Amino acid sequence: MTRTVYVNGDYLPEDQAKISIFDRGFLMADGVYEVTGVLDGKLIDFDGHRTRLERSLTELGIEKPAAFDNLLDIHRELIRRNDMTEGTIYLQVTRGSAGDRDFAFPNPAQVKPTLVLFSQSRPGLADNPVAKTGIRVISIDDIRWGRRDIKTVQLLYPSMGKMMAMQAGADDAWMVEDGFVTEGTSNNAYIVKDGKIITRQLSTDILHGITRAAVLRFAFEARLEVEERSFTIGEAQQADEAFITSAAQFVMPVVEIDGVKLGDGTPGRVAPRLREIYLEESLRAVMPPCRTLCGQPY
Ligand code: PMP
């Protein structure tokens with residue numbers, strides 16, 4: 001099936017969607033993005049993703065696209081047109097195209113941001129069998145820029161990290177800076193010791209995961225102890241459990257770090273429980289007031 005995608009106000013078949021070769025997203029990685037999970041045809045934590053998008057745009061001085069206030073409707077329309085039940089909606093905003101290449105930002109009065117959205121249908125995401133066995137991670141140096149709290153499209157190093165992991169026979173990489181784990185290539189990182197969940201504190205060093213915020217809230221409600229602080233790979237290897245969170249993977253257990261198995265090498269109890277709660281609560285989420293597409297699932 002040809003996907004219907006969204007580009008600057010138009011819904012188009014994916015093979016007819018075009019942006020300029022001068023777009024600053026393409027030339028300079030001058031853009032930001034969001035990935036919102038979809039379960040049972042419903043968007044998960046849409047408001048959190050929209051709020052983070054707004055913050056990323058503000059931090060980089062990129063204007064909000066004209067359709068910013070209609071983003072919920074656009075997301076829903078893509079779900080509907082692509083007959084999607086599980087997967088993700090990808091959104092990208094770039095500073096646009098000034099019709100040439102120049103390091104200086106174009107005048108926002110003249111050059112409007114580019115807005116692109118597309119759906120990624122992934123049936124079976126919630127029942128992903130990998131969640132039963134867990135993933136293996138390796139550690140790599142974190143050599144990314146210093147504003148990882150901004151969700152920019154500069155994803156070359158995280159992609160390289162993922163490739164390094166695959167070449168090492170693992171699934172993903174945790175990045176390490178000054179001896180401490182920052183985060184995974186595309187997820188936040190956690191360990192569990194004596195029932196306590198430990199994850200790095202928020203700062204400009206990591207992305208403020210929307211799934212992280214939800215999972216920590218659910219953990220609090222389930223009376224699980226949470227400590228927000230940095231941890232090393234050595235401490236993680238001694239932990240009882242570990243896991244990652246992201247909008248595309250929800251909560252995913254980690255069973256091996258740099259070749260060292262955690263506990264008995266199986267997912268443990270806390271991560272699978274948090275995954276279960278996260279999926280249940282996301283499916284139960286209350287619909288916000290609906291605008292143009294009343295009747296569509298949120
Ligand atoms: N950290 C990084 C570096 C990421 O790329 C992502 C996912 N885009 C996350 C954390 C998780 O964020 P979220 O839960 O909002 O998907």
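Me: What volume does the largest pocket have?
Reply: This is a predicted model. The lining of the largest pocket counts 50 residues, and Tyr33, Lys151, Thr185, Ser186 and Asn187 are the closest to its centre. The space in this pocket comes to about 1100 Å³.

Me: Which element gives the largest share of the lining of the largest pocket?
Reply: Several elements give two or more residues, among them strand E3 (31-39), helix H2 (46-60), helix H5 (156-167) and helix H6 (210-221). Strands E9 (180-184), E13 (241-246) and E14 (250-257) are also included. The largest share is five residues, and it comes from H5.

Me: Which domains each give at least three residues to that lining?
Reply: By residue type, the lining divides into 20 nonpolar, 18 polar and 12 charged. By domain, at least three residues come from each of domain 1 (4-121) and domain 2 (130-292).

Me: How many residues of the second largest pocket's lining come from H8?
Reply: This pocket has a volume of about 160 Å³. Its lining includes Ala126, Asp127, Asn128, Pro272 and Arg275. Helix H4 (130-133) and helix H8 (270-284) are the elements that give two or more residues. H8 has the largest share, with four residues.

Me: How many residues in the lining of the second largest pocket are charged?
Reply: Lys132, Arg275 and Glu276 are among the lining residues. The division gives four nonpolar and one polar. The charged residues number four.

Me: Which residues come nearest to the ligand?
Reply: There are 18 residues around the ligand. Lys151 is also one of the residues closest to the centre of the largest pocket. Those nearest to the ligand are Arg52, Lys151, Glu183, Ile210 and Thr211.

Me: How far is a polar side-chain atom of Lys151 from a nitrogen atom of the ligand?
Reply: Glu183 has a side-chain N or O atom 2.6 Å from a ligand nitrogen. Thr211 has a polar side-chain atom 2.6 Å from a ligand oxygen. For Lys151 and a ligand nitrogen, the distance is 2.3 Å.

Me: Is Asp83 buried or exposed?
Reply: Asp83 is not a glycine, but its phi is positive, about 50°. Asp83 sits in the loop between helix H3 (71-81) and strand E5 (87-94). The exposed class starts over 50% relative accessible area. Asp83 has 65% relative accessibility, so it counts as exposed.

Me: Is Phe250 buried or exposed?
Reply: Phe250 is another residue other than glycine with a positive phi, near 60°. Phe250 lies in strand E14. Buried means under 20% relative accessible area. The value for Phe250 is 0%, so this residue is buried.

Me: Is Arg24 buried or exposed?
Reply: Arg24 belongs to helix H1 (residues 24-28). The relative accessible area of Arg24 is 7%, so the residue is buried.

How values were computed. Residues are numbered from 1 along each chain as its sequence is written. This is a predicted model: local features need pLDDT of at least 70, side-chain atom pairs count only at pLDDT 80 or more; totals for chains, interfaces and linings use all residues. Side-chain values use heavy atoms; hydrogens and water are left out. On a 1 Å grid over the protein atoms alone, a cavity is a set of points where a 1.4 Å probe fits but cannot get out, and a pocket is an open set with protein on both sides within 12 Å along at least five of seven lines; lining residues have an atom within 4 Å of a point. Grid points are joined across faces, edges and corners, and a volume is the space filled by probe spheres set on the points. Ala, Val, Leu, Ile, Met, Phe, Trp, Tyr, Cys and Pro count as nonpolar, Asp, Glu, Lys and Arg as charged, and the others, Gly among them, as polar. Domain bounds come from an automatic or database domain assignment. Buried means under 20% relative accessible area, exposed over 50%, partly exposed in between (1.4 Å probe, protein chains only). A residue is near a molecule or strand if one of its heavy atoms lies within 4 Å of it. A polar contact is a pair of N or O atoms within 3.5 Å; within protein, one must be able to donate a hydrogen and the other to accept it, and residues adjacent in sequence count only if both atoms are side-chain atoms.
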